Amino acid sequence: MTTTPISADRTTAVAARATELSKIYGQGETQVVALDRVSVGFRQAELTAIMGPSGSGKSTLMHCVAGLDTFSSGSVRIGDTELGSLKDKQLTKLRRDKIGFIFQAFNLLPTLTALENITLPMDIAGRKPDKQWLDTVIQMVGLSGRLGHRPSQLSGGQQQRVAVARALAARPEIIFGDEPTGNLDSRSGAEVLGFLRNSVRELGQTVVMVTHDPVAAAYADRVVFLADGRIVDELYGPTADSVLDRMKRFDTKGRTS
Amino acid sequence: MLRTALRNVLAHKARLLMTVLAVMLGVAFVSGTLVFTNTITDAYQNSSAKGFDGVDVAVSAKYRESTGDEPGDYPDLDQALLDRSARVPGAASAVGVVSGFTAMADKNGKLIGDGWQTKGGNYWGTDDSRYPLTSGRAPRGENEVLVDARTAERAGYKVGDTVRLSIDGPVLSPRIVGVFTTDDGNVAAGGSLALFDTASAQKLFGKAGGYDEIDVRAKPGTSQAALKSQLDKALPKDRTETTTGQSLADEQAQQIADSMNGMRQGLLVFAGIALFVGTFIIANTFTMLVAQRTKELALLRAVGASRRQVTRSVLIEAFVVGTVAGVTGLAVGIGIGAGLRALLGSFGESIPDGPLVVTPGTVVAALAVGVVITMLAAWLPGRRAAKIPPVAAMSSLHAQATTKSLVLRNTLGALFAAAGVAVVLYATTLKGTDGQAPMGLGAVLLIIGVFILTPLLSRPLIAAAAPVLRVFGVSGKLARQNSVRNPRRTAATASALMIGLTLITGMTVMAGSLQTAIEKMATSALRADYVVRMANGNNLSPDVDRKLAALDDVSASSPMRDAVARIDGEEEYLTGVNGPAIGKLTDLKVDEGAFTVTGSKIVVDDTTAKSRGWKAGTQFTAHFEGGRNKRLTVAGVYEGNELIRGVLVDTAALPKLSDTRDMQVMVKMAGGASATAKDTLEKALDSNPGILVQSKKDLSDSIAQLFTLLLNMLYGLLGMAVLVAVLGVINTLAMSVFERSQEIGMLRAIGLDRRAVKRMVRLESLVISLFGGVLGIGLGVFFGWAVGRLAGSSMPTYELVLPWDRIAIFLLLSAVVGALAALWPARRASRLNMLAAIKSE
């Protein structure tokens with residue numbers, strides 16, 4: 001099986017890029033290759049979905065590109081910054097200033113109100129939030145009436161909307177989502193995905209999300225398929241059916257190879 | 001997943017270790033206290049028994065009752081009695097004992113020991129079996145002396161050196177001709193013993209030809225009782241008394257046991273406090289341990305384990321922890337016992353040597369405390385865990401405390417606290433000992449009340465710290481919110497520190513106030529620059545007053561001369577003072593009449609006036625020894641104090657007494673107090689090591705020293721309680737960090753760096769510790785005020801003195817506790833693997 005070459009300049013600029021990225025756990029007999037020389041670029045103002053079966057390395061790829069995890073070889077760039085050479089402190093600063101996160105388990109601080117959770121990254125950075133932008137984001141995710149609530153007083157969908165707003169509010173260069181709809185029912189999931197797509201279309205935000213749900217992937221501009229730590233395919237303008245179709249193909253491929 | 005599980009177990013282990021530590025400290029404290037007191041009591045008892053080894057029967061003088069106007073006294077035991085004792089059937093030998101106060105100077109001229117234990121005596125013949133010589137030979141004449149080996153070693157004296165001694169007259173400078181060993185209790189306790197030959201000792205101690213005691217040894221085969229009855233037959237009953245060596249040793253042992261009792265009880269109170277604090281920590285830890293395992297326990301329940309089985313599994317764990325901790329605690333306690341003895345020794349209190357005593361009682365107490373307390377502390381959380389329905393436990397990690405139980409808790413706490421405050425306030429209106437019981441009850445009620453209320457108090461008090469925390473940005477904000485997240489846990493953690501600090505602060509405030517009051521009382525009434533007295537509290541020879549009065553630099557001086565008289569058939573100790581000068585030397589508050597002491601005019605203190613029913617103008621006759629009478633008139637009534645009290649009479653008005661003695665001499669210098677003035681006085685007294693020349697400052701210093709020693713011991717003991725508190729804070733933080741690992745992982749992911757995470761944990765720790773500290777200091781000040789008011793009710797000079805510097809130190813101490821306790825949990829939090837933390841639920 002060969003890696004499908006990626007057409008690099010479909011749009012003007014790339015927000016993040018991994019080149020020949022490898023991640024290997026353990027040594028010798030027990031060695032596990034999680035990522036095997038993966039090269040991929042995530043273009044600005046585009047919603048990319050990373051798909052693949054369990055253990056394909058999709059989460060590891062996202063973690064490495066987002067500066068949450070270290071990698072064994074290759075390079076990762078966020079904007080102009082090369083991650084491989086950064087120390088923990090600089091990585092933390094990079095995540096704080098340039099990256100937004102949405103997690104599967106919401107990960108809000110229960111002691112903070114919805115608004116405080118949203119502005120948390122800026123509080124950490126000691127920056128004042130851009131009031132107008134904040135209003136726009138809150139308006140978009142429809143949380144205006146619930147800003148004073150604590151996470152325990154919100155439904156799962158509302159909590160994830162707070163998480164989306166938190167990721168957007170700091171205007172990061174790129175947002176990473178790790179199964180952002182994994183804990184939600186389909187209606188709430190659709191809402192959250194709608195917000196993410198809107199943020200790309202209307203606000204020009206760059207979003208990369210890992211998902212195993214073809215319906216979620218269908219919201220993306222482009223789907224990257226991973227299997228056994230390698231990129232095996234990609235798809236532009238996906239629909240749920242076309243994604244499902246491709247996945248079925250990998251499954252059979254996987255079984256026959 | 002495996003890694004998370006492993007980490008879980010490791011965290012578990014660490015917390016279990018901390019539980020063991022907490023229990024261990026409590027046990028160590030209790031067993032250490034027991035070991036310490038047993039060791040000391042036994043050592044004193046052994047040394048006293050040894051001290052009576054050479055005595056089978058002791059013959060002492062019998063008190064001669066006062067007859068008519070003659071005060072009673074002890075007749076001397078003379079040579080004839082000694083000879084008669086030695087000839088009694090069954091007696092092997094008889095030794096005449098002469099002893100008395102003997103001040104010995106070290107090479108710098110300073111007194112060795114504290115004056116109470118510096119003794120002199122006689123060396124019997126040329127080979128005294130009581131005092132085996134290690135070098136040199138027996139002394140002969142007033143210019144030769146023996147020194148005990150311990151003192152010789154301490155002061156660096158060798159055979160051939162001259163040593164300055166003072167008995168009560170002029171300074172002697174005999175040559176040391178020998179060094180001996182002794183098991184004398186006074187020497188063991190840091191005093192000195194100097195021995196002269198018998199004739200010189202009799203002369204020096206004012207017993208020409210007489211003895212203080214005759215020690216008779218029995219022949220082999222003669223029992224002490226048999227010898228005693230023989231002696232009783234042979235000796236005149238009206239002049240002598242006989243006691244067997246055994247009963248002397250028993251009597252002394254009993255006295256020592258009695259005197260140790262107070263200390264033992266005091267120490268046990270602290271052990272109890274440490275245990276009390278330890279109990280909370282243990283209960284807290286088990287609550288957390290169980291809460292953390294709720295899911296696991298629920299799973300057990302789901303697959304069919306009964307409630308009882310779940311509770312039992314927790315109890316078995318507690319039993320194991322308790323046993324392990326009990327045994328190690330006992331071992332540490334033995335070390336603490338040894339350490340306390342050394343500590344006491346370093347404060348200048350010499351204690352006889354002896355083996356460490358670990359009684360079976362100590363072992364049983366230590367193990368019982370360890371096992372029983374731990375199991376009790378674990379029982380409640382274990383039962384609670386078993387009660388949770390399995391499904392509820394599996395779906396949520398922590399059972400939320402219901403508001404209802406907090407309402408109940410707050411009501412109960414408010415009731416206790418209010419009752420406590422009321423009882424304490426009531427106790428302050430009582431006098432002296434009457435108030436002790438209600439005060440203790442009130443204090444316990446209030447502490448329990450505040451303890452129950454701590455969760456409620458945590459919110460407003462921690463909110464008050466918000467402005468300070470805001471400086472630390474997000475870390476501060478999160479720390480504040482985290483610290484009030486689980487009010488019960490915060491409360492339990494803070495209360496451990498609270499109790500320790502309550503006691504420390506209370507004691508400090510009370511001791512400080514009392515010290516100031518006593519100092520004021522002792523020195524404010526004193527106009528004299530110096531007070532001269534004997535180091536052992538004995539009386540001075542009148543020569544001292546004469547010599548000092550003759551000095552040019554002395555502008556006024558007065559002795560305080562002891563004079564016994566019978567007034568209205570009752571004995572009264574009059575104090576002879578220099579009538580014309582006394583007004584310049586004292587500044588006593590006069591309640592009634594005038595402060596005039598001349599001729600037949602006298603003044604009396606308020607206490608004596610009250611008990612005798614005297615007023616200004618009362619006249620009475622004082623009957624002195626030898627049938628001399630003197631008619632005296634009360635000119636005024638003054639307020640007595642620690643230094644000056646009783647009936648003050650002009651020395652010129654006193655008849656010539658057979659034995660004129662001065663308790664002390666007060667001196668006012670023309671140029672005021674100064675180093676040279678003191679030097680002049682000391683020189684005038686021939687730099688006598690037995691006489692102390694004390695300025696007002698020296699006096700207050702010596703009072704302060706007493707309190708300092710007391711406080712230092714308390715601080716040392718309470719340090720244990722604080723140590724337990726540190727463990728408690730570590731425990732809580734470790735638990736919190738563990739529970740919030742997902743949050744911390746998220747915070748790290750969205751850009752909180754390691755330093756900020758550490759800072760967050762540290763600030764939380766500081767907030768909790770300072771919360772406990774503020775509560776404890778507040779309560780302590782209240783108790784210090786209340787108890788001080790009670791104790792000071794009899795002191796007109798008492799007022800509350802708040803030692804702000806100490807209070808600041810205590811606050812700082814709680815901050816240090818917080819900072820130290822956070823070291824490890826903060827590190828752990830900052831090293832958390834983000835990805836594992838975010839994923840684990």
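Reader: What share of chain B is buried?

Author: A residue is buried if 20 or more other C-beta atoms, placed from the backbone, lie within 10 Å of its own. In chain B, 49% of the 841 residues are buried. This is a predicted model: local features need pLDDT of at least 70, side-chain atom pairs need pLDDT 80 or more, and totals for chains, interfaces and linings use all residues. Residues are numbered from 1 along each chain as its sequence is written, while chains are lettered from A and ligands numbered from 1 in the order written.

Reader: How many helices and strands does chain B have?

Author: Helices (H or I, at least four residues) and strands (E, at least two) are DSSP runs, numbered from the N terminus. Chain B has 25 helices and 25 strands.

Reader: What does UniProt place at residues 490-681 of chain B?

Author: An unreviewed UniProt entry puts "domain: MacB-like periplasmic core" at residues 17-233 and 490-681 of chain B. Such annotations may be inferred rather than shown by experiment; positions follow the numbering used here, and feature names are shortened. Residues 490-681 of chain B are 33% helix and 33% strand, with end C-alpha atoms 62 Å apart.

Reader: Now a sheet. What is the strand order in the open sheet of chain A?

Author: Two strands pair if DSSP finds at least two bridges between them. The order is E6-E7-E8-E3-E9-E10 in chain A, 6 strands with mixed pairing. Strands E6 (99-102) and E10 (230-236) of chain A are the edges, each pairing on one side only.

Reader: Do E7 and E8 of chain A run parallel or antiparallel?

Author: Parallel: E7 (174-178) and E8 (207-210) of chain A share 4 bridges. Phe176(A) has Val208(A) in E8(A) as its bridge partner.

Technical notes: A residue is buried if 20 or more other C-beta atoms lie within 10 Å of its own, exposed if 12 or fewer, and partly exposed in between; C-beta atoms are placed from the backbone.
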